[in-house]
Amino acid sequence: MKAKWLTASLLSVGILTAVSGQASADTTEIHDIQGATHQSSYVGKTVQQVEGVVTFTYKLNGAYYFHMQTPDAKADKDSRTSEAITVYTGKYSQDVKVGDLVSVTGKVDEYYIEGYSDKRTMDLPVTQINARDDQGGQVAIKAENVTLPKAVQITKQNLPKSVIDNDQFTKFDPNEDAIDYWESLESMRVAVKDVKAVAPQEYGDVITVLKSRHTDTKNGGVLFEANDANADRVQFKLFGDNVRDYNVNTGDEFNGTIEGVVGYGYSNYKIFTNIENMQKTYKQGKATQETTKLKASKKKVTVGSFNLENFSNNTAETSNAKAEKLAHSIANSLGSPDIVGVTEVQDNNGAKAGDSKANESYERLIKAIEEAGGPTYQYVNIDPENNQDGGAPNANIRVGFLYNPERVSLKSGAPAGDATTAVGYNKKTGLTVNPGRIDPTNEAFEDSRKPLAAEFTADGKDLIVIANHWNSKGGDTPLFGQVQPVNLASEVQRQKIANVVSDFVSDVLAKNPKANIVSVGDYNDFQFSKPLQTFEKAGMANLIHKVPTNERYTYVYQGNSQVLDHIFVSKSLKNGAKIDIVHVNADFTEQAGRASDHDPLVAQVKLK
Ligand SMILES: [Ca+2]
Ligand SMILES: [Ca+2]
Ligand SMILES: [Ca+2]
Ligand SMILES: [Ca+2]
């Protein structure tokens with residue numbers, strides 16, 4: 001069941017009766033406003049002359065903010081109540097600086113400062129005082145160069161390890177729930193010593209864990225698992241120049257103490273700090289881009305899978321550098337697989353205009369692979385109907401195949417399918433259209449990619465390959481969000497898609513139990529998820545289970561290493577099948593060589 005935190009917390013603290021008389025002019029302290037709760041009981045009230053020391057000043061999206069914190073001598077004895085608050089001053093910067101003791105008058109608000117368009121229904125708000133002088137607010141400086149309140153040390157002892165929330169906000173227990181822990185420190189000065197990055201820098205954020213904590217992956221990341229969302233990740237939001245160009249990769253270390261203030265944005269609590277504080281403690285880690293260990297074999301077929309992250313022939317949107325890096329990955333890092341299932345191939349002009357033809361996009365990639373030393377691939381594609389398959393408007397992302405004609409051929413006989421014709425299977429002749437889309441008019445695929453099936457021939461044997469790009473996780477509520485437990489809203493459609501693709505392979509396997517089938521792509525879900533377990537039950541073994549645990553990820557989301565891209569094989573191919581995830585992207589920034597947000601993978605099978 002999902003519970004709205006707002007309702008739960010309102011009920012639990014009984015704020016409807018708790019506030020009367022608290023907002024008198026000279027006694028209101030920040031910890032009164034914050035309370036031991038996510039939702040201030042002062043919302044909507046004007047507070048007068050609240051005092052605090054300015055600890056951090058910044059500008060976000062054209063608006064000015066500062067954090068102020070109660071001097072230590074006046075703090076309450078309750079570690080659950082934050083002693084700091086965010087002050088919003090609007091379009092004009094108040095002339096305050098770090099170390100000023102200020103007195104602030106303004107209206108208390110729980111505000112969604114920074115986030116996606118759905119932040120009001122997904123995220124947690126930040127308690128702030130609106131001190132805009134054009135809205136009745138006032139900020140007065142009482143003293144300068146005041147000693148800053150002591151930073152709270154974030155340590156292995158006090159940082160919750162495994163629970164984000166386990167009580168739907170009915171209990172405010174910062175010792176147990178990470179979501180309450182960070183809220184108890186909201187806007188406050190904190191310090192953390194010795195951390196290591198579990199993701200590459202992105203959008204100016206660096207996500208870490210304490211250095212003393214074990215990590216799971218070969219490059220130093222932490223795995224997202226069925227019962228472990230790594231509650232103890234520590235995220236930094238960097239301020240300063242060129243923070244989005246800061247080259248931090250998974251496994252890099254920060255040795256020393258980093259101080260900052262706690263904020264929240266884009267679904268996560270973050271420590272706001274200046275980039276210099278990270279730079280002066282930085283030590284490069286050991287992560288390097290790798291090359292597949294699978295050795296080519298004349299008797300076996302290799303099938304790769306690669307999400308190209310919006311690749312088109314529009315050089316204003318897809319740079320030559322990106323094309324070259326993707327091509328190098330396919331030709332060299334993946335060892336030029338005989339067949340590559342590709343996702344997020346856009347139409348020729350990308351998002352610039354409609355028209356879903358993609359011949360130039362494929363030709364661009366094929367030429368780049370050739371120039372990178374790979375074979376001259378051919379491609380298999382069905383153009384979708386314009387703007388019917390989701391993704392960026394007018395870009396018409398779709399799945400397709402590259403294949404090396406020196407190694408495999410597209411099986412002849414059946415006509416090519418089109419955007420709306422469903423592919424079927426005949427035991428004697430194979431796919432009824434080749435290539436063909438799987439049940440493309442089924443409502444399961446509304447505004448999403450239709451899987452593409454193609455039948456190849458290698459050494460006289462037939463192989464059906466399916467390329468998938470199931471609907472994204474958009475719509476799921478965030479881990480550190482207002483809906484607890486997390487609501488996997490997007491799984492509903494993926495389950496429908498899983499059922500349709502499962503029906504297709506079940507039909508093939510019923511007619512031909514020995515059929516060679518490989519299904520690849522970006523399934524946008526985990527090996528332990530219900531949709532992917534459904535697909536396994538249809539007779540498709542997920543080769544991901546064969547990948548060593550420390551390499552079992554193709555994507556890093558908010559510091560959690562996870563598998564979204566999978567390769568499944570039918571029973572006839574399972575024995576002896578090999579798989580390798582080739583880590584060239586997910587752990588790395590663009591400066592370090594990232595070409596896509598996903599790592600590619602490759603499997604090797606012996607056709608029966
Ligand atoms: Ca307190
Ligand atoms: Ca708060
Ligand atoms: Ca709890
Ligand atoms: Ca287009």
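I take a cavity to be a set of points, on a 1 Å grid over the protein atoms alone, where a 1.4 Å probe fits but cannot get out. Grid points are joined across faces, edges and corners, and a volume is the space filled by probe spheres set on the points.

The model is predicted: local features need pLDDT of at least 70, side-chain atom pairs count only at pLDDT 80 or more, and totals for chains, interfaces and linings use all residues. Residues are numbered from 1 along each chain as its sequence is written, chains are lettered from A and ligands numbered from 1 in the order in which they are written, and side-chain values use heavy atoms, with hydrogens and water left out.

Cavities. I found three cavities of 30 Å³ or more in the structure. The largest cavity has a volume of about 70 Å³. I listed its lining (residues with an atom within 4 Å of a point): Trp182, Ala231, Arg233, Gln235, Asn268, Tyr269 and Phe480. By class, this lining holds four nonpolar, two polar and one charged residue. Here Ala, Val, Leu, Ile, Met, Phe, Trp, Tyr, Cys and Pro count as nonpolar, Asp, Glu, Lys and Arg as charged, and the others, Gly among them, as polar.

Calcium ion (ligand 1). I looked up its donors, meaning N, O and S atoms within 2.8 Å of the metal (3.2 Å for Na, K and Ca); water is not among the atoms, so sites may look incomplete. The protein donors are Asp76 (OD), Asp78 (O), Thr81 (O), Thr81 (OG1) and Glu83 (OE), at 2.3 to 2.4 Å from the ion. Their residues are spaced D-x1-D-x2-T-x1-E in sequence. I then checked burial (buried is under 20% relative accessible area, exposed over 50%, partly exposed in between; 1.4 Å probe, protein chains only). Glu83 counts as buried because its relative accessibility is 6%, while Asp78, at 26%, counts as partly exposed.

Second largest pocket. A pocket is an open set with protein on both sides within 12 Å along at least five of seven lines. This one has a volume of about 380 Å³. Of its 20 lining residues, Asp78, Ser79, Val152, Leu185 and Met188 are the closest to its centre. I sorted the lining into six nonpolar, seven polar and seven charged residues. At least three residues come from each of domain 1 (3–143) and domain 2 (152–283), with bounds from an automatic or database domain assignment.

Calcium ion (ligand 3). I noted its protein donors as Asn166 (OD1), Asp167 (OD), Asp173 (OD), Asp173 (OD), Glu176 (OE), Asp177 (OD) and Asp177 (OD), lying 2.2 to 2.9 Å from the ion. The spacing along the chain is N-D-x5-D-x2-E-D. Asp167 is buried, at 10%; Glu176, at 36%, is partly exposed.
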